[in-house]
Amino acid sequence: MKVLFVDLHRQYLSIKPEMDEAIANVIRDTAFIRGKYVNDFEREFETLNKAPYCISLANGTDAIYIALKMMGIGQGDEVITASNSWISSSETITQAGAKPVFVDVDKYFSIDADEIEQHITERTKAIIPVHLQGHVVDMDKIKALCKKYNLFLIEDTAQAQFSEYNGQYCGTMGDVGTFSFYPGKNLGAYGDAGCAITSNFELAQKMRMYANHGSLVKHQHEIEGINSRLDGLQAAILSVKLKHILKWTELRRQHADYYNEILSEIEEIKLPKVRQNTKHSYHLYVLRAKKRDELTKHLAENGVENFRQYPVILPLLPCYQYLGKTAKDFPTAYKHQQEIISIPIFPEIREEEMNYVRDSIKSFYTNYIHPVSI
Ligand SMILES: *Cc1c(COP(=O)(O)O)cnc(C)c1O
C-alpha cells in the first residue's frame, strides 16, 4: 500500500463538479485580478471567522511582512517568535528591517508563553506566536504580556485555520491573524495565496493599500507598496473549499482521535497532547518517536510518506548563525527536532490507510528494533 502524506487529488475528485464550474466562471468573466471573486471570498472568510476585515494577499508570508511593516516595525526593533516554525515566521521580521528573537517551545510544540517575558527588551515591538501544526498557543498569557508591554500581537495562523481557543477561532485574538492558503494547508488554494484578518479598520486599510502598490483608489499612490494580490481564480477555488472547511476540520479531528486510539499501544512513540480549552485542527499529526531516523526510513520504504516539521529549528539554520544561538538555548525545541515525525492526515484519509500506518510503525518496533532471534 502507498499512503500519501496528503492526497489533494482525492479531495478535488470529491468536489469536482462545483470546482470545475467555479474555475470556468472566473475564466468566462475574465475576473483574473481583484473584482467579484476576490471580494466574495474576503467577505465569506470574514463571516466564517467572525472577523471584521479580511485582506486577501498573494501568500501567507506577505501577510506577516505587511502586518509588521504597516505597524511601523522596522530598523532597531525586535520581534519575538517561536524557535520551531516555518521560516516565514522569522524571515518577515528581517524583511521589515527588525531583528527576530527566538523563544523555546513547550510540550505542545508551540512558543512557551512562560519563557517570553525574559526576552522582552525596550526594543521589543511585537510577538508572533505560531499555532504550529494546528495546536493552539497559550493565548491568555501572551495577550497579557502584549498588554503589559504595549506590544503588537500577530498570530501566525497558517497551520491553524479554525483551531479554537476557548471557543474563539485562532487568528482573531490579536491585532492581526495571518493565513496561508498554500495548497497543502487545511484550506488550500491551487497555487500560492494568503490573507490577513483584523478588527482594526485603520490597519486593514493600510495593509490593503500596501499590498496594492500603495493605492486604494486607482492611480492614487499614498505610499509606495508592493504587489501582493490574491487572484480571482484562487479566490473562487477558496470559496468552493470554504463551504466544506468546517466539515473537513471535523474529519481531521476524527482521524486524529482514531490514530490516538490505534497508536496508543505502541510504547516507543508519544502521541500529540492537546492544550486545555483548545481545539486542534490537525494540519499535522506529529509523533515523538524513539529511533526516529530509522522509523522515518522504514515507513518510507513501506510506502508511508512522512515528514519532519521541521528538520532543523529556526535559530540553528545557517541563515541565523549570526545570532550566535546554540541548541542549549532551546532545549525543548531541540529535543523535539530529534524526535518528531509527521504521519499522513487529511480529511479524505481512509481507515485502512491509517491502519496500515499503524501496522508499519508497529512492525518497525517489533521486527526491526527487537528482532525475534531464530
Ligand atoms: C505556510 C506557512 C506560512 C506562509 O505561507 P506561504 O503562503 O507559503 O507564504 C507562514 N507560517 C507558517 C507557520 C506556515 O506554515
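Modeller: Residues are numbered from 1 along each chain as its sequence is written. In this predicted model local features need pLDDT of at least 70 and side-chain atom pairs count only at pLDDT 80 or more, while totals for chains, interfaces and linings use all residues; side-chain values use heavy atoms, without hydrogens and water.

Biologist: Why is Thr 249 called buried?

Modeller: Buried means under 20% relative accessible area, exposed over 50%, and partly exposed in between, with a 1.4 Å probe and protein chains only. Thr 249 has 3% relative accessibility, so it counts as buried. Thr 249 is found in helix 10 (residues 245–263); helices are DSSP runs of H or I with at least four residues, strands are runs of E with at least two, and both are numbered from the N terminus.

Biologist: What does the side chain of Thr 249 reach?

Modeller: The backbone oxygen of Ile 245, at 2.7 Å. A polar contact is a pair of N or O atoms within 3.5 Å; within protein, one must be able to donate a hydrogen and the other to accept it, and residues adjacent in sequence count only if both atoms are side-chain atoms.

Biologist: How do you know that the buried residues of helix 7 are on the same side?

Modeller: The buried residues of helix 7 (residues 139–149) are Met 139, Ile 142, Leu 145 and Cys 146. They cover an arc of only 125° around the axis, which puts them on the same side of helix 7. The arc is that of the directions from the helix axis to the C-beta atoms. On the other side of helix 7, Lys 147 and Lys 148 are exposed.

Biologist: What makes Glu 348 a buried residue with no salt bridge?

Modeller: A salt bridge is a side-chain nitrogen of Lys or Arg within 4 Å of a carboxyl oxygen of Asp or Glu. For Glu 348, the nearest side chain of opposite charge is Arg 252, 6.5 Å away. Lys and Arg count as positive and Asp and Glu as negative; His and the chain ends are not counted. The side chain of Glu 348 does make a polar contact with the side chain of Gln 11, at 3.2 Å.

Biologist: Which residues are closest to the ligand?

Modeller: Of the 14 residues that surround the ligand, the closest are Thr 61, Asp 156, Gln 159, Ser 180 and Lys 185. A residue is near a molecule if one of its heavy atoms lies within 4 Å of it. An oxygen atom of the ligand is 2.4 Å from an N or O atom in the side chain of Thr 61.
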